[in-house]
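Hi,

Here is the structure I promised to pass on to you. Please open it alongside this email, and I'll go through what turned up.

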Amino acid sequence: MKDQIQSTQTEALAQIEAISDFRSLEDARVGILGKQGSLTKLSAGMRDVAKEDKAEIGQLLNAARQTITASLDAKKEALQSEADAKALEGIDLTLPGRSVHHGSLHPLTIIRHEAIGILRRMGFALADGPEIEDEFHCFDALNTPEDHPARNEKDTFYFDSGKLLRTHTSSVQIRTMEGGKPPVRIIAPGSAYRRDEIDATHLSVFNQLEGLYVDADVSLGDLKGTLEYFLQEMFGSETEVRFRPHFFPFTEPSFEIDVKLHAKGQAPKWIEVAGCGMVDPDVFDSVNGNRKDEAYSPAGVTGFAFGMGLDRLAMIRWGIKDIRLLIENDTRFLKQFA
Ligand code: DAH
């Protein structure tokens with residue numbers, strides 16, 4: 001029995017020594033120590049060992065099991081380090097890791113969020129309207145006559161159905177008043193579309209933010225105060241703002257608003273950022289006609305409206321010289337806003 005134990009151990013150790021992969025190592029473990037393994041089978045012979053020899057033989061079997069187990073473990077470790085070394089071959093662990101690029105908000109999104117934030121603090125609620133509009137909401141209800149240049153095929157994207165891509169967000173004024181009674185105090189950011197020749201200051205899709213405030217006693221002073229405050233929140237409290245008389249079919253009186261831009265290395269200049277005015281009573285009449293009531297009776301309510309170019313605000317804020325940068329998705333440009 002002693003000799004058998006010795007030779008089983010010697011054989012097992014030699015077998016393990018020769019192994020060079022995990023699979024064979026596992027097979028060897030089962031073949032030696034498993035239920036039908038060589039050493040296990042040998043242990044079964046304990047039954048026939050004379051009583052007085054049992055302790056000694058038992059110890060020898062245990063010692064053999066321990067030696068073999070240690071050898072299996074050592075082999076496993078050796079194979080593992082070999083595999084690790086192989087996996088790392090050709091990899092330079094001293095190279096810096098690959099960094100994950102952080103995305104950032106688009107400059108227009110930043111400006112839109114800011115503009116909405118300022119106006120909401122002043123009590124304006126968000127409103128929305130369709131980008132595919134009809135002529136009534138885009139033009140007629142806004143007191144824009146049939147022969148107005150803005151309605152020209154040359155300037156507006158028309159569908160065969162007679163619908164069109166809204167040329168401004170002012171259509172949301174009409175939709176909002178149709179949908180609810182005064183007081184109304186809303187802003188509507190969104191896209192507008194014109195058949196403009198694309199250049200550094202024009203795109204055929206651009207972004208506006210419309211505002212409308214209608215109540216019993218809204219004055220031109222309210223309009224001026226609101227927009228001055230807005231622009232100074234946007235561009236700094238020192239910002240100079242100018243209201244220049246202008247014409248829009250849907251407001252009377254009407255103004256264009258300029259802010260004075262102090263660009264580095266350039267003489268200060270006035271830049272137009274918005275149109276605005278007091279809502280024309282004819283607009284209220286169109287809305288009433290459609291509503292079939294007098295909720296917006298020009299005798300009972302007044303209002304102001306404004307529409308600003310969000311692209312323009314972004315260009316002023318960051319000194320962006322070419323509006324096309326805002327739609328090209330060039331990461332070299334966008335990264336600067338991260
Ligand atoms: N809709 C005008 C445009 O796109 C801007 C505008 C001017 C909006 C005056 C207004 C307004 O609400 O009162 O040029």
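First, a word on the labels: helices (H or I, at least four residues) and strands (E, at least two) are DSSP runs, numbered from the N terminus. Please also bear in mind that this is a predicted model.

Let me start with the annotated region. In an unreviewed entry, UniProt lists residues 118–316 as "domain: Aminoacyl-transfer RNA synthetases class-II family profile". In the model, that span is 26% helix and 33% strand, and its end C-alpha atoms lie 17 Å apart.

The largest pocket holds about 990 Å³ of space. It is lined by 41 residues, and the closest to its centre are Thr 167, Arg 194, Phe 206, Gln 208 and Phe 248. Elements that give two or more residues to this lining include strand S5 (205–215), strand S6 (241–248) and helix H10 (310–318). Strand S8 supplies the largest share, six residues. By class, the lining has 17 nonpolar, 16 polar and eight charged residues.

The second largest pocket has a volume of about 350 Å³. Of its 15 lining residues, Leu 261, His 262, Ala 263, Ile 316 and Arg 317 are the closest to its centre. S7 and H10 are the elements that give two or more residues here, and S7 gives the most, with three. This lining divides into five nonpolar, four polar and six charged residues.

Glu 252 deserves a look of its own. The unreviewed UniProt entry places a "binding site" feature at this residue, which is found in strand S7. Is Glu 252 buried, exposed or partly exposed? Its relative accessibility is 49%, so it falls between the 20% and 50% cut-offs and counts as partly exposed. Not counting residues up to four places away in sequence, Glu 252 touches Met 278 and Asp 280. A cis peptide bond joins Glu 252 to Pro 253, with omega at about 0°, and Pro 253 is also in strand S7.

There is a cis peptide bond between Pro 182 and Pro 183 as well, with omega of about 5°. Pro 183 lies in the loop between helix H7 (171–179) and strand S4 (184–193).

Finally, some backbone angles to check. Lys 292 has a positive phi of about 60° although it is not a glycine; you will find it in the loop between helix H9 (281–291) and S9. At a relative accessible area of 72%, Lys 292 is exposed, because the cut-off is over 50%. Asn 329, another residue other than glycine, has a positive phi near 55°. It sits in the loop between H10 and helix H11 (331–334) and counts as exposed, at 53% relative accessibility.

Happy browsing, and write back with any questions!

Best wishes

Terms used
Residues numbered from 1 in each chain as written. Predicted model: local features only at pLDDT ≥ 70, side-chain atom pairs only at ≥ 80, totals over all residues. Heavy atoms only, no water. 1 Å grid on protein atoms, 1.4 Å probe; cavity = no way out; pocket = protein on both sides within 12 Å on 5 of 7 lines; lining within 4 Å. Points joined across faces, edges and corners; volume = space filled by probe spheres on them. Nonpolar A, V, L, I, M, F, W, Y, C, P; charged D, E, K, R; others polar. UniProt positions renumbered as here; feature names shortened; annotations may be inferred. Buried < 20%, exposed > 50% of the residue type's maximum accessible area, 1.4 Å probe, protein only. Contact = heavy atoms within 4.5 Å.
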